[in-house]
Amino acid sequence: MLKSLLSTAVIAFGMIGPTMAQERIRLSSNWGEVTADLAGNEAAKSLAQMLPPTIEMSDHLRQEKTGKLPAALPEQTRQRDFSIGTLGLWGSDHFVIYYRNGRVPLPGIIVLGKVAGNIAVFDRPGSVTVRIERAD
């Protein structure tokens, strides 16, 4: 019984281990900057490989900033709900910074990461240029 429990724990840890190894990025603009932890999926890994892009982002529905990445990211499991600070992918190349809680229509978003700081710097109307780079 104990051996079975240990085997199950080792398998479970092995399954979640890679998703816990996160890379930290910085999102900077003339409004301020925040850091975020990337998710452990292939889309987030592909985003990390294209760093440091600079993206023109516009406000959408007073809940998010959205802009086009230089290239498409791989398809992953999508979800409809998002929370304050979620970094997502709408379509294959539209990077999104959510500064409110909410829900998107189907097919949903691919979660790329989560802002670790105060996302309020993006909670204002208008467009902004955002640079995404590795954090120190």
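**Reading the labels**

Guide: Let us begin with the side chains of R62 and Y99, which are joined by a polar contact of 2.8 Å.

Visitor: What makes the link between R62 and Y99 a polar contact?

Guide: The term requires a pair of N or O atoms within 3.5 Å; within protein, one must be able to donate a hydrogen and the other to accept it, and residues adjacent in sequence count only if both atoms are side-chain atoms. The R62 and Y99 side chains are joined at 2.8 Å, so the pair falls within that limit.

Visitor: On what basis are such values given?

Guide: The model is predicted, so local features need pLDDT of at least 70 and side-chain atom pairs count only at pLDDT 80 or more, while totals for chains, interfaces and linings use all residues. Residues are numbered from 1 along each chain as its sequence is written, and side-chain values use heavy atoms, with hydrogens and water left out.

Visitor: Where is R62 found?

Guide: R62 sits in the loop between β3 (54-60) and β4 (64-68). Strands (E, at least two residues) and helices (H or I, at least four) are DSSP runs, numbered from the N terminus.

Visitor: Why is R62 called partly exposed?

Guide: Buried means under 20% relative accessible area, exposed over 50%, and partly exposed in between, with a 1.4 Å probe and protein chains only. R62 has 32% relative accessibility, and therefore counts as partly exposed.

Visitor: Which residues are in contact with R62, leaving aside its neighbours within four places in sequence?

Guide: They are Y99, R100, D123, R124 and P125, where contact means heavy atoms within 4.5 Å. Between R62 and R124, which are 62 residues apart along the chain, the C-alpha separation is 7.6 Å.

Visitor: Which peptide bonds are cis?

Guide: The bond from L51 to P52 is cis, with omega near 10 degrees; P52 is in the loop between α2 (42-49) and β3. The bond from L106 to P107 is also cis, with omega near 15 degrees, and P107 is in the loop between β8 (102-103) and β9 (110-115).

Visitor: How do you know that S29 is buried?

Guide: The relative accessible area of S29 is 17%, so S29 is buried. S29 lies in strand β1 (residues 24-29), and its side chain reaches the backbone nitrogen of W31 at 3.0 Å. Apart from neighbours within four places in sequence, S29 is in contact with F122, V128, T129 and V130.

Visitor: What caps the N-terminal end of α2?

Guide: N41 does, with a side-chain oxygen 3.2 Å from the backbone nitrogen of A43. The buried residues of α2 are A43, A44, S46, L47 and A48, and their cover includes β2 (32-38), β7 (94-98), β9 and β10 (128-134).

Visitor: How many aromatic pairs are there?

Guide: The count is 1 aromatic pair. Rings of Phe, Tyr and Trp (its six-membered ring) pair if their centres lie within 6.5 Å; planes under 30 degrees apart count as stacked, over 60 as edge-to-face and the rest as tilted. The ring centres of F82 and Y98 are 3.8 Å apart and their planes stand at 25 degrees, so this pair is stacked. The pair links distant parts of the chain, with F82 in strand β5 (residues 81-82) and Y98 in strand β7, 16 residues apart. F82 has 5% relative accessibility and therefore counts as buried; Y98, at 1%, counts as buried too.

Visitor: How many helices and strands does the chain have?

Guide: The chain has 2 helices and 10 strands, running α-β-β-α-β-β-β-β-β-β-β-β from the N terminus on. Of its 136 residues, 38% are buried.
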